[in-house]
Amino acid sequence: MNYIIYCRKSSESEDRQILSIDSQEQELLQIAKSDGLNVVKIFKESMSAKTPGRPEFEKMMVFIEKNKNYGVLVWKLDRLFRSLKNMVSTLSDLTEWGVEFCCLRDPVDLTTPQGVLLAQLISAFAEFEVSLIRSRVVA
């Protein structure tokens with residue numbers, strides 16, 4: 001199976017987040033190499049996940065839908081999505097297309113009910129965190 005890497009950061013400002021896009025990419029490539037995974041494409045973008053219309057995310061989804069049977073590697077679940085609704089929709093599409101999903105920092109087994117629940121909880125907390133940050137900025 002071939003794999004795709006997706007890296008995202010809301011902002012490339014060093015003071016804003018823990019790991020740069022390049023650092024995410026390097027860490028994922030190291031894991032792929034050590035596990036013997038064939039990475040064929042890397043999608044990177046610096047854009048908030050809550051913003052609709054992420055171009056690289058959309059390109060990745062179109063690529064996967066056309067080519068099927070790929071695996072997707074991400075650094076953390078919240079790099080791919082920031083809302084529970086988006087997570088459920090995206091994972092539903094990936095599952096339907098036969099795509100294996102691997103997350104380095106949030107290791108969940110999406111083939112089990114417990115793994116799906118854990119992914120949903122992580123996504124719900126990420127969405128909650130975004131809401132808290134937004135309310136603090138507005139206040």
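Start by selecting Gly36: just after α1, this residue takes a positive phi of about 70°. Helices here are DSSP runs of H or I with at least four residues, strands are runs of E with at least two, and both are numbered from the N terminus. Before moving on, note that this is a predicted model, where local features need pLDDT of at least 70, side-chain atom pairs count only at pLDDT 80 or more, and totals for chains, interfaces and linings use all residues. Residues are numbered from 1 along each chain as its sequence is written, and side-chain values use heavy atoms, with hydrogens and water left out.

**Helix α1**

Now select residues 21–35, which make up α1. Its 15 residues reach 21 Å from first C-alpha to last, close to the 21 Å expected at 1.5 Å a residue (the expected span is 1.5 Å times one less than the number of residues).

Which residues of α1 are buried? Colour Ile21, Gln24, Glu25, Glu27, Leu28 and Ala32. Buried means under 20% relative accessible area, exposed means over 50%, and partly exposed is in between (1.4 Å probe, protein chains only). These residues cover an arc of only 170° around the axis, which puts them on the same side of α1; the arc is that of the directions from the helix axis to the C-beta atoms. Covering the buried residues are, among others, β1, β2 (38–46), β3 and α3.

**The largest nonpolar core**

Next, show Met60, Ile64, Leu80, Leu94 and Phe101: of the 22 residues in the largest nonpolar core, these touch the most other members. Such a core is a set of buried Ala, Val, Leu, Ile, Met, Phe, Trp, Tyr and Cys residues joined through side-chain atoms within 4.5 Å. The largest share of this core, four residues, comes from α2.

Zoom in on Met60. Leaving aside neighbours within four places in sequence, Met60 is in contact (heavy atoms within 4.5 Å) with Ile4, Tyr6, Phe43, Val72 and Leu80.

**Rings and charges**

Last stop: select Phe43, Phe63 and Tyr70, a cluster linked by ring pairs. Rings of Phe, Tyr and Trp (its six-membered ring) pair if their centres lie within 6.5 Å; planes under 30 degrees apart count as stacked, over 60 as edge-to-face and the rest as tilted. Phe63 and Tyr70 are edge-to-face, 5.2 Å centre to centre with 70° between the planes.
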